[in-house]
Every structure is written in C-alpha cells, then in structure tokens.
Amino acid sequence: MCIRDSYDVVHLNLCTNDLRIAVEVAPRLKNSSTLLVANVDYAVEMWDAMFPDKRLFFRALGSVDEVFAVEPFQKQILELIMGREIPLIPHPVDTKRLKEKALPKGNRASLVFIMYHRYDMHKMIPAVVTRVVENHEPLIIGITNEQLPKELFPLSGGMLEYFTYLRILRMCNLAFEFYTVHSVSRFASECSCLRIPLVSTSNSYFATQLFPRTTFHETQLKKMAITLNKLATDEEFWYQVVGYAYNKVEEYGWKKSRDRFNRMVELARIRLGK
C-alpha cells in the first residue's frame, strides 16, 4: 500500500519489533506531506532490556519527524537524545465509557484492590502496607495464585481480560499501587473514573496528577499505610479524594488528548516546513 501523501500523519508506537518499521518507512515519506510521528513504548527503566540493539533504537528515533513522551521522566531522556524540546502527550482516557461503569460507594465490597506490576514484581511491600487497613481485605490482581504465598494474599487473581478486570475493580472500595519504575499508569486513570481512591507512588504520572493527596515517594511506606487507613475510616476524606480525581481526569479525555496531538503536529510542520 502506498502511504506517501495518502495520510496526514502516520503514528508508530515503538516497541521492540517495530524499530525497523520506522527506519524503513521514513525514506518513503521523505519530501512528502505525510508526517511520521512516534512514541516509545515501555517504562524508561525497561529500555535496556526491551531494546537490545541500541544503534537501531537511536536510528529509529532519528528517522521520524516527531517523537512525543507520555510522562515527564520519559520526556527528559527523549529530550537529551533528540537535543530539543519534546511534547508531552499522556495516553488518552476514555472517560465517558469508564465513568458509566462506576458504582455508588454503598455498593462496594470492603476490598483494597492491589495492582501487581510485572516490571518490578513487588509482593511483600503491598501485602505489608495494606494489612493495616481497618475492615478491608487486600485483593491482588495480575499474578497467579501459584506464585503467591497464601499468608501474604488469601485473595488474588491472575492476568484478566480487560472488562473482567474492570468489573472486579469497580466493586472495590480502595486501591493501592506500588510502582518503582516510571509510567503514565492507566490504573490511576481508571480508578479516577470509577471513583476509587488510589494510594500510589510518585513514579506513576497519572497518580501524581489525579491523586496528589494520596501519592507518595516509594520510600514513604508508613504514609501510604496511614493514608489507606484514613480513606477506609474517614468518609469525608474518601469523597474529597475521589471527587478531585473524577473531575481532573477529564484533562486527559479524548478531546484534550486530540488537541495536544494536533498542536504537536502543527508545530512539527512549522519546524520541518512540511
């Protein structure tokens, strides 16, 4: 298929196996009106493992017309690589569809939903932090029962189909995420739309933006535990936290994300003269 001048923009999500696509497509779009745009997948801390061919990685980045970051830590390293300012465009959130799935607080189970991340694989810390929460049981999702000591997590679930995951998440009263690599974190945006207060680490960009009162540096474990317990026992605080997140998440909805993307395209065309 000929893509030259057929599209305004060709967007690539650069995963391990997609680097060569950028290198091969770029020459075909040279001197055309089509803009080749890319973002880099994975947390920055995973790039060493996910991109073993570093020369190809840098070559792919140098081939595209514009690259954007999805969270600020990634933005910094991309700006060092590219030698210029890089736009920040976090992943868009389908706020309308997600908010339709929210349940009233009174219809929730007394569960703390724990998001397990395969990148850093923490089990002990989430178990210890959440066990102090009054009248709530921890539920960890994303890891199979065979991989978990029963004394840490009597309730657990493996990798789930997305809508099954949402049905379980929306039934929980609280949420916890302990993440030690940098990510935009869709989990925080989903909790915002479902009106679930989240305690998280500041490596999660969406957590810092949507749950500023309940997001902490990864070393502040006692503050995380105290805050989870406050959310479990202080209803006014619970509503304040979810109310702020529920409104703020619209900053990352489809329309505003599209506006950011279109602005990036506009500025890239001016810079490149395309």
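**Rings, cores and loops**

User: Which residues do ring pairs link into a cluster?

Analyst: Tyr 42, Trp 47, Phe 51, Phe 57 and Phe 58 are joined that way. Rings of Phe, Tyr and Trp (its six-membered ring) pair if their centres lie within 6.5 Å; planes under 30 degrees apart are stacked, over 60 edge-to-face, and the rest tilted. This is a predicted model: local features need pLDDT of at least 70, side-chain atom pairs count only at pLDDT 80 or more, and totals for chains, interfaces and linings use all residues. Residues are numbered from 1 along each chain as its sequence is written, and side-chain values use heavy atoms, with hydrogens and water left out.

User: How many aromatic pairs does the structure hold?

Analyst: There are 13 aromatic pairs. One of them is Tyr 162 with Tyr 165, a tilted pair at 5.7 Å centre to centre, with 45 degrees between the planes.

User: Where do Tyr 162 and Tyr 165 lie?

Analyst: Both are in helix H7 (residues 162-169), three residues apart, about one turn of the helix. Helices (H or I, at least four residues) and strands (E, at least two) are DSSP runs, numbered from the N terminus.

User: Tyr 165, buried or exposed?

Analyst: Tyr 165 is buried, at 7% relative accessibility, whereas Tyr 162 is partly exposed at 35%. The cut-offs are under 20% relative accessible area for buried, over 50% for exposed and partly exposed in between (1.4 Å probe, protein chains only).

User: Which residues of H7 are buried?

Analyst: Tyr 165, Leu 166 and Leu 169 are. They cover an arc of only 100 degrees around the axis, which puts them on the same side of H7. The arc is taken from the directions from the helix axis to the C-beta atoms.

User: And what covers the buried residues of H7?

Analyst: Among the covering elements are helix H5 (95-99), strand E4 (109-115), strand E7 (172-177) and helix H8 (186-193). Contact here means heavy atoms within 4.5 Å.

User: What does Phe 187 contact, leaving aside neighbours within four places in sequence?

Analyst: Phe 187 is in contact with Phe 113, Met 115, Tyr 165, Leu 169, Ala 175, Phe 176, Glu 177 and Leu 198. In the largest nonpolar core, of 57 residues, Phe 113, Phe 176 and Phe 187 touch the most other members. A second, separate core of 30 residues includes Ala 38, Tyr 42, Leu 61 and Tyr 179. A nonpolar core is a set of buried Ala, Val, Leu, Ile, Met, Phe, Trp, Tyr and Cys residues joined through side-chain atoms within 4.5 Å.

User: Back to rings. Which ring does Lys 99 lie over?

Analyst: Lys 99 sits over the face of Tyr 246, at 3.9 Å from the ring centre. The criterion is NZ of Lys or CZ of Arg within 6 Å of the ring centre and within 35 degrees of the ring normal.

User: New topic. What is the phi of Asn 135?

Analyst: It is near 60 degrees, a positive value in a residue other than glycine. Most residues other than glycine have a negative phi. Asn 135 is in the loop between helix H6 (124-130) and strand E5 (137-141), and counts as exposed at 70% relative accessibility.

User: And Ser 185, what is its phi?

Analyst: About 70 degrees, positive although Ser 185 is not a glycine. Ser 185 is in the loop between E7 and H8, and is buried at 4% relative accessibility.
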